[in-house]
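Me: I'm new to this structure and would like a friendly tour of its pockets and a few of its residues. Could you take me through it?

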Amino acid sequence: MNTAEPDNKRELMVQIWYPASPSAKGNKAPYDAYPDIFEDGYSQALHMPKMLFKNLGLIKTRAVEATELSDTAPAYPVLLFSHGFNGVKNQNTFQIEQLASHGYIVIGIDP
């Protein structure tokens, strides 16, 4: 967004999924890193009771947090994931993890 203020910056939330070493160890990544924020957001956006989204923080994905990039290939193709109108970057986590497991680096952005 352009403004008259030269130091005005926009912050974007970005998440990156990538091929990890088959021997990667560590904590499984949560489905949603900020469940409290999303509880309110999903409740309002979907016009559903907040209690339906109370356990989002308990859901884990198949991704391992903060592990190193696999060295099985010299380079990996990069895909940008755009969730579309009213979506969030992790709404298609299962598909993104599948792409990463087949050698793609996927970058999801929440503008």
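Reply: Happy to! A residue counts as exposed when its relative accessible area is over 50%, and as buried when that area is under 20%. Please keep in mind that this is a predicted model.

Me: Is A66 buried or exposed?

Reply: A66 sits in the loop between β3 and β4 (78–81). Its phi is near 50 degrees, a positive value in a residue other than glycine. The relative accessible area of A66 is 80%, and the cut-off is over 50%, so A66 is exposed.

Me: What is the relative accessible area of H47?

Reply: H47 lies in the loop between α1 (35–46) and β3. Its phi is positive too, near 55 degrees, in a residue other than glycine. H47 is exposed, and its relative accessible area is 73%.

Me: Which residues are closest to the centre of the largest pocket?

Reply: The largest pocket has a volume of about 800 Å³. Its lining takes at least two residues from each of β1 (13–17), β2 (28–30), β3 (60–64) and α2 (93–101). Of the 32 lining residues, the closest to the centre are W17, R62, A63, V64 and E97.

Me: How many nonpolar residues are in the lining of the second largest pocket?

Reply: The second largest pocket holds about 260 Å³ of space. Among the residues that line it are Y31, I37, F38 and Q91. By class, this lining has no charged residues and four polar ones, and the nonpolar count is seven.

Notes:
Residues numbered from 1 in each chain as written. Predicted model: local features only at pLDDT ≥ 70, side-chain atom pairs only at ≥ 80, totals over all residues. Heavy atoms only, no water. 1 Å grid on protein atoms, 1.4 Å probe; cavity = no way out; pocket = protein on both sides within 12 Å on 5 of 7 lines; lining within 4 Å. Points joined across faces, edges and corners; volume = space filled by probe spheres on them. Helix = DSSP H or I, 4+ residues; strand = E, 2+ residues; numbered from the N terminus. Nonpolar A, V, L, I, M, F, W, Y, C, P; charged D, E, K, R; others polar. Buried < 20%, exposed > 50% of the residue type's maximum accessible area, 1.4 Å probe, protein only.
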